[in-house]
Amino acid sequence: MSEQLSSTAVPSGSFLDRYFCVQQRGSTVRQEVIAGLTTFLAMVYSVIVVPNMLGQAGFDPGAVFIATCLIASFGSLLMGLWANLPMAIGCAISLTAFTAFSLVLGQGMSIPVTLGAIFLMGVTFTLVSVTGVRQWVLANLPKGIAHGTGIGIGLFLLLIATNSVQLIVANSAGLPVKLGDINSLPVIATVIGLAATIGLERRGVPGGILLVIIALSVFGLIFDPSVKYQGLFAFPDFTSEHSLIGQLDIMGAFNPVVLPIVLALVMTAIFDATGTIRAVAGQANLLDKDDNIVGGGKALTSDSVSSMVAGLVGGAPAAVYIESAAGTAAGGKTGLTATIVGVLFLLMMFLAPLSYLVPAYATAPALMYVGLLMLSNVAKLDFDDKVDAMSGLTCAVFIILSCNIVTGIMLGFVTLVVGRICSGEWRKLKVGVLSITLGLVVFYMGGWAI
């Protein structure tokens with residue numbers, strides 16, 4: 001019955017179907033909407049985390065909330081309407097932390113100069129993308145490292161999700177991490193939610209991931225005292241004296257002391273975001289016969305332009321969110337998924353209180369499930385080419401051990417190059433691979449890595 005309703009509500013050949021190539025990619029409008037809702041709920045935590053981080057550095061939290069919503073809305077709409085890919089963009093959490101704790105608090109940069117640096121990073125990043133340099137990097141990403149990046153990001157998602165509910169916590173002595181309080185409500189809800197997600201997905205229940213997120217949110221509202229209804233509507237104040245829109249100092253960012261920071265941001269974004277885009281595209285089966293991303297050029301440009309907007313409106317550098325994989329796992333295959341996310345973040349500016357109704361343990365199971373799915377990339381490694389496969393595994397393992405995607409990619413490239421030489425297979429090395437390896441090694445050895 002539901003399938004009949006969805007087919008009559010959005011007939012074959014509708015504008016949405018034609019514009020986003022929904023049927024052509026083996027999806028339905030209903031499936032795309034569910035995927036969009038799933039991605040949004042998986043990443044809506046950013047409207048709380050980003051303002052809190054930047055607030056500690058002196059940014060006005062209310063102004064950053066508005067900026068975070070604007071950046072996520074603009075970036076996701078650009079990715080959806082222009083690139084036609086199911087990837088959502090938002091303020092990168094890692095670069096948000098770097099902005100707050102290293103640039104402003106650590107090096108004493110003023111907020112306007114910091115925003116100017118972010119804008120310059122976006123401009124440089126966009127030039128790198130549109131001139132084809134970034135696409136060249138992607139084309140020279142060995143298959144082992146490409147699949148290894150997907151594995152590593154899957155493990156990274158598992159760590160992020162389990163830590164967000166304190167299932168896995170930092171250890172004060174011995175090994176770095178340990179099991180948290182297994183009897184706490186968030187941990188119990190997360191474990192049950194993960195099991196329920198796996199079961200519903202196995203049965204093929206449409207929107208199974210989204211159903212679990214909603215069910216756990218309702219459970220939290222009823223039984224968890226920390227989840228409280230704080231209202232529905234809150235009108236954003238765009239004219240506040242604390243507004244950060246247009247407050248960037250571009251000339252100040254041209255200071256010789258600041259420019260190396262801009263280049264470090266660009267270098268980090270190139271490999272971090274590129275690796276994420278490649279991994280999410282693989283998860284959504286949006287790779288062509290040569291393992292290139294369908295519409296990859298537009299995808300790369302969309303997130304770089306979004307960082308320019310971040311500097312203009314007063315937020316942190318933007319990037320494709322790893323959480324987009326939650327939407328692709330829910331069936332998202334087209335830009336309609338990202339468009340839904342963009343529209344919801346635009347509405348989020350007016351519905352700020354609702355963001356507190358989705359606790360971490362409501363979205364953690366979805367991220368854990370996606371992380372587990374991404375581990376299937378191990379099966380794509382070609383162990384007949386042991387050097388390539390092992391470099392991919394090295395990349396994956398060090399993404400999670402260092403909690404840094406770029407670090408894993410760098411060590412994967414080094415392992416590949418040295419491994420090829422020592423195995424006598426140096427003829428298999430491409431000039432592009434050698435160039436990228438050298439660039440990454442200099443970047444790290446020079447102390448510019450973030």
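Is C91 buried or exposed? C91 is buried, because its relative accessible area is 1%. Here "buried" stands for under 20% relative accessible area, "exposed" for over 50%, and "partly exposed" for what lies in between, using a 1.4 Å probe and protein chains only.

Before we go on, a word about the model. This is a predicted model, in which local features need pLDDT of at least 70 and side-chain atom pairs count only at pLDDT 80 or more, while totals for chains, interfaces and linings use all residues. Residues are numbered from 1 along each chain as its sequence is written, and side-chain values use heavy atoms, with hydrogens and water left out.

**Cysteines**

A disulfide is a covalent bond between the sulfur atoms of two cysteines. To be counted here, the two sulfur atoms must be within 2.5 Å. The structure holds zero disulfides. C403 is partly exposed, with a relative accessible area of 41%.

**A salt-bridge network**

How many salt bridges does the structure hold? There are three, each one a side-chain nitrogen of Lys or Arg within 4 Å of a carboxyl oxygen of Asp or Glu.

| Salt bridge | N to O distance |
|---|---|
| R420 and D385 | 2.9 Å |
| E425 and R420 | 3.0 Å |
| K428 and E425 | 3.8 Å |

Salt bridges that share partners join D385, R420, E425 and K428 into one network. R420 sits in helix α19 (residues 405–422) and D385 in the loop between α17 (360–374) and α18 (386–402), so this pair ties together parts that are 35 residues apart in sequence. Helices are DSSP runs of H or I with at least four residues, numbered from the N terminus. Both R420 and D385 are buried, and R420 has a relative accessible area of 6%. E425 is partly exposed at 25%, and K428 is partly exposed at 48%.

**A look at T334**

Where does T334 lie? Look in the loop between α15 (324–329) and α16 (335–348). T334 counts as buried, because its relative accessibility is 0%. Leaving out residues up to four places away in sequence, T334 touches several residues, among them F20, R25, N84 and P86; contact means heavy atoms within 4.5 Å. E32 is also one of the residues that T334 touches, and a polar contact of 2.9 Å joins their side chains. A polar contact is a pair of N or O atoms within 3.5 Å; within protein, one must be able to donate a hydrogen and the other to accept it, and residues adjacent in sequence count only if both atoms are side-chain atoms.

Notes. Helices (H or I, at least four residues) and strands (E, at least two) are DSSP runs, numbered from the N terminus.
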